[in-house]
Amino acid sequence: MSKIDPEEIVEEIEESGQLGHPDHHVPLVGQAPRRKEDARLVTGQTNWTDNIQIPGLLHAAVLRSPMAHARITSIDVSAAREQPGVIAAFTGADLQHHWAGGLPCAWPVTPDMKQPVHLPLAVDTVRYVGDAVAVVVARDRYAAADALESIDVEYEPLPAVIDLEEALTDATLVHEDQGTNRAFDWPFEAGEVDATFDAAEVVVKRRYFQQRLIPAAMEPRAVVVAPIAAADEYTVYSATQIPHILRVMLALVTGIPEQKLRVVAPDVGGGFGSKLNVYAEEAMALILAKVLGRPIKWTESRSEGFQATIHGRGQIQDVEIAATRDGRVTGLKVQLLADMGAYLQLVTPGVPILGAFMFPGIYKFDAYRFGCTGVFTTMTPTDAYRGAGRPEATFAIERIMDDLATELGMDPIELRRRNWIEHHEFPFDTICGLTYDSGNYEAATDRALELFDYDGLRREQAERRERGDRVQLGLGTSTFTEMCGLAPSRVLGSLSYGAGGWEAASIRMLPTGKVEVVTGSTPHGQGHETAWSQIAADALGVPFEDVEVLHGDTAVAPKGMDTYGSRSLTVGGIAVVKAAEKVIEKARRVAAHLLEADERDLDFAQGTFSVRGSPEASKTIQEVSLAVFAAHDLPDGMEPSIDADSVFDPENFSFPHGTHLCAVEVDTETGFTRIHRYVCVDDVGNVVNPQIVEGQVHGGLAQGIAQALYEEAVYDPEGNLTSGTFVDYLVPGAPDLPAFVTDRTVSPSTTNPLGVKGVGEAGTIASTPAVINAVIDALKPLGVTDMRMPASPERVWRAIQEANASGGSAGQAATGTTTLTAQAGPEASA
């Protein structure tokens with residue numbers, strides 16, 4: 001056998017171009033190379049869960065309760081078992097002994113929180129329309145769906161529990177064994193709250209409502225389970241945001257050992273938090289595959305998605321703000337009623353608690369009191385939806401700042417300037433105990449005002465009002481920040497969250513100089529494959545095309561905490577950076593040995609190790625990779641690998657911020673509202689890929705505007721979801737939205753080496769109050785002071801009519817009161 005000469009192999013690979021040209025590496029971070037994912041996504045060369053076909057595959061269909069609250073007095077699936085193509089049918093009682101535990105809630109926010117058992121199939125009582133009561137397995141999905149009609153269920157109706165305040169009377173209990181509909185009370189207080197409010201010159205008190213929202217991701221939920229019966233092993237394919245968490249939780253729910261489970265998230269068509277959960281159908285499919293020894297597939301219909309996928313938001317917010325007559329805010333009080341729905345899903349109780357730290361926003365308060373009561377209702381469970389607690393908090397503080405400005409006769413921008421944290425005050429410790437690391441609210445606002453032509457629009461507004469135009473102009477403001485990058489672990493632990501906030505990454509250097517990046521952060525549209533390639537290529541000095549990013553499979557990426565809360569880049573991306581640093585240090589030792597130099601004398605730049613003072617003596621990191629593979633000449637005691645793993649747990653959250661300005665035109669005769677102009681200037685720190693950032697902002701804006709103007713999950717008094725289809729639930733399309741004007745300022749984060757901050761939720765968090773503030777501003781001359789969301793044409797028209805009928809005070813009774821001391825003077829009460 002001829003001797004292999006590593007140097008000859010290197011020459012051959014270099015001549016073939018496989019090692020790239022690291023000496024000419026152009027920095028990629030901050031640029032917008034074409035996204036690696038897009039070609040297959042837009043041409044349909046994707047692997048959605050519902051596309052997966054496995055020999056012997058069976059299909060499951062779920063029978064759901066048509067009643068919001070009822071006892072199951074009898075259920076008979078025998079006729080369904082006799083239908084053509086049906087293999088099996090099961091009730092909750094049939095499968096009850098297969099569960100090792102109920103569906104998980106990982107966030108017990110208080111020690112005495114009520115946490116009722118949530119079985120995947122109801123056994124004796126249904127608690128919301130869509131609650132699963134039976135499952136049919138057949139040879140195709142149509143046979144399974146048809147057989148559902150043969151199942152005979154008799155119910156004993158119970159009263160629905162829809163109203164949050166009525167629920168707290170416990171007149172009807174959602175869970176009789178819990179003895180109350182009060183899931184928890186979570187308090188927080190800082191500063192001398194009572195003394196601050198007693199001394200206040202102005203107190204404004206308001207009540208705001210956060211309607212329920214339906215996530216409506218482009219891809220419905222789906223799951224496929226493939227068993228290997230002989231080994232009692234299972235591969236679970238799921239349209240999920242959390243393959244790693246799902247693996248752990250399925251092991252706990254089913255009792256199947258974790259090492260026997262492999263979870264794969266294939267291409268996932270959007271999530272927005274709705275796929276950040278462990279659902280009944282995932283556990284059911286796994287148990288059905290175990291019982292029947294056959295692969296099982298379940299894909300939800302759109303109707304099921306409206307009823308049985310979690311809903312977002314759902315809060316009543318009582319807010320009080322204290323201030324001086326010259327507009328300095330001093331105190332804030334917030335009391336929430338948070339709609340849990342019928343059960344606690346994975347992070348349901350934690351969602352409003354996340355918002356607790358964001359109600360003060362970017363403002364300097366001396367005192368703050370927060371309280372949240374979680375309430376069980378007979379409606380679909382709520383959980384995280386894009387922003388998860390922070391949009392709700394931002395809405396409340398930005399709305400009441402506008403209401404305070406109105407009471408003080410002050411421009412809303414000026415009031416914010418008098419109270420926000422100034423750029424020279426960072427890092428800043430907030431009244432909530434958070435440390436905002438960096439920001440420049442002045443710069444973002446000044447740029448937004450310039451792009452918006454604020455003064456010009458105010459003049460146009462005055463002219464329209466003077467003319468008595470039918471179509472009035474309103475201007476709305478939202479200056480926000482958010483805590484994102486859900487971590488650090490120790491903080492999550494202090495809030496009783498059941499897991500950490502770290503993220504894992506591995507870098508594998510292949511013999512030909514190519515690079516595999518393995519990430520525990522699982523994308524569902526965010527562009528990880530592109531952004532992670534940019535980060536790794538820059539760190540290692542290799543071509544962008546030479547980097548492959550692997551994710552979403554617990555057999556390939558065994559460690560991870562997945563994707564939610566704008567954490568991918570600020571936690572997962574930094575794990576990639578840290579892994580690259582370890583690769584370089586390992587490679588440095590090999591390069592020094594090959595170059596017969598001291599490690600301390602080597603410089604590393606653009607993918608090349610060179611001897612300081614003798615640049616001609618050099619080795620590229622890709623040459624080192626091949627030398628390590630050959631392992632013919634390594635330093636004594638060194639293993640033949642420069643691969644590296646990293647688990648990154650940040651020391652703080654990241655705090656992006658921005659200023660969003662909205663101008664709306666409101667037709668006072670029809671109530672129709674049109675966004676005339678929308679400008680946002682966001683600060684997300686340093687930017688890895690501006691195109692991805694722009695896409696995230698645009699998508700977030702669409703969802704935030706949708707809450708303000710279009711979307712609402714509506715229940716009737718009997719607990720029926722009356723907005724259960726896209727006919728009744730209006731998701732805006734491109735024709736319904738304006739052309740956005742976007743820009744950025746840059747205040748790098750000081751808590752991670754890239755200086756990056758989260759961006760995925762910014763548009764959703766900021767836009768809703770900007771739009772509603774604009775609508776109310778347009779209608780102020782007509783006496784409208786509040787607007788329930790969504791501000792549909794009918795709702796706007798009715799508010800105008802009520803204002804006319806009441807002499808110009810519509811909305812005031814709904815939102816609350818203003819207290820002005822005698823010293824406040826005429827300016828404050830204008």
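Contact here means heavy atoms within 4.5 Å. This is a predicted model, in which local features need pLDDT of at least 70 and side-chain atom pairs count only at pLDDT 80 or more, while totals for chains, interfaces and linings use all residues. Residues are numbered from 1 along each chain as its sequence is written, and side-chain values use heavy atoms, with hydrogens and water left out.

**Figure 1. Glu-398 in helix H12.** Glu-398 sits in helix H12, residues 390-408; helices (H or I, at least four residues) and strands (E, at least two) are DSSP runs, numbered from the N terminus. With a relative accessible area of 1%, Glu-398 is buried. Buried means under 20% relative accessible area, exposed over 50%, and partly exposed in between, using a 1.4 Å probe and protein chains only. Leaving aside residues up to four places away in sequence, Glu-398 touches Tyr-363, Arg-416, Thr-477, Ser-478, Thr-479, Pro-769 and Asn-773. Gln-606 is 208 residues from Glu-398 in sequence and 46 Å from it in space, C-alpha to C-alpha.

**Figure 2. Ser-65 between two strands.** Ser-65 belongs to the loop between strand E1 (58-64) and strand E2 (70-76). Its relative accessible area is 2%, so Ser-65 is buried. Residues touched by Ser-65, not counting those up to four places away in sequence, are Val-126, Tyr-128, Val-129, Gly-130, Asp-131, Val-133 and Tyr-155.

Figure 3. Helix H17 covers residues 528-540, 13 residues in total. From first C-alpha to last it reaches 18 Å, close to the 18 Å expected at 1.5 Å a residue; the expected span is 1.5 Å times one less than the number of residues. Because 11 of its 13 residues are buried, H17 is largely enclosed by the rest of the structure. Among the buried residues of H17 are His-528, Trp-532, Ile-535 and Leu-540. Gly-541 follows H17 and has a positive phi, near 70°.

**Figure 4. Helix H18 and Glu-596.** The 28 residues of helix H18 (residues 568-595) should span 40 Å at 1.5 Å a residue, and the end C-alpha atoms are 38 Å apart, which agrees. In H18, 20 of the 28 residues are buried, so this helix is largely enclosed by the rest of the structure. Just after H18 comes Glu-596, with a positive phi of about 55° although Glu-596 is not a glycine. Most residues other than glycine have a negative phi, and most peptide bonds are trans. Glu-596 lies in the loop between H18 and strand E22 (602-605). At a relative accessible area of 75%, Glu-596 is exposed.

**Figure 5. Asp-232 in a loop between strands.** Asp-232 is in the loop between strand E9 (222-228) and strand E10 (233-238). Phi of Asp-232 is near 55°, a positive value in a residue other than glycine. The relative accessible area of Asp-232 is 31%, so this residue is partly exposed.

**Figure 6. Two cis peptide bonds.** Ala-487 and Pro-488 are joined by a cis peptide bond, with omega about 0°. Pro-488 is in the loop between strand E18 (471-481) and helix H16 (489-494). The bond from Met-789 to Pro-790 is also cis, with omega near -5°. Pro-790 is placed in the loop between helix H21 (762-779) and helix H22 (793-805).

Figure 7. Asp-736 counts as partly exposed because its relative accessibility is 36%. Asp-736 and Phe-544 are 192 residues apart in sequence, and their C-alpha atoms are 38 Å apart in space.

**Figure 8. The setting of the close-ups.** The protein chain has 24 helices and 29 strands. Of its 830 residues, 61% count as buried. The C-alpha atoms fill a box of roughly 100 × 75 × 45 Å, taken along the principal axes. Among contacts in the chain with a separation of 6 or more, 80% are between residues 24 or more positions apart.
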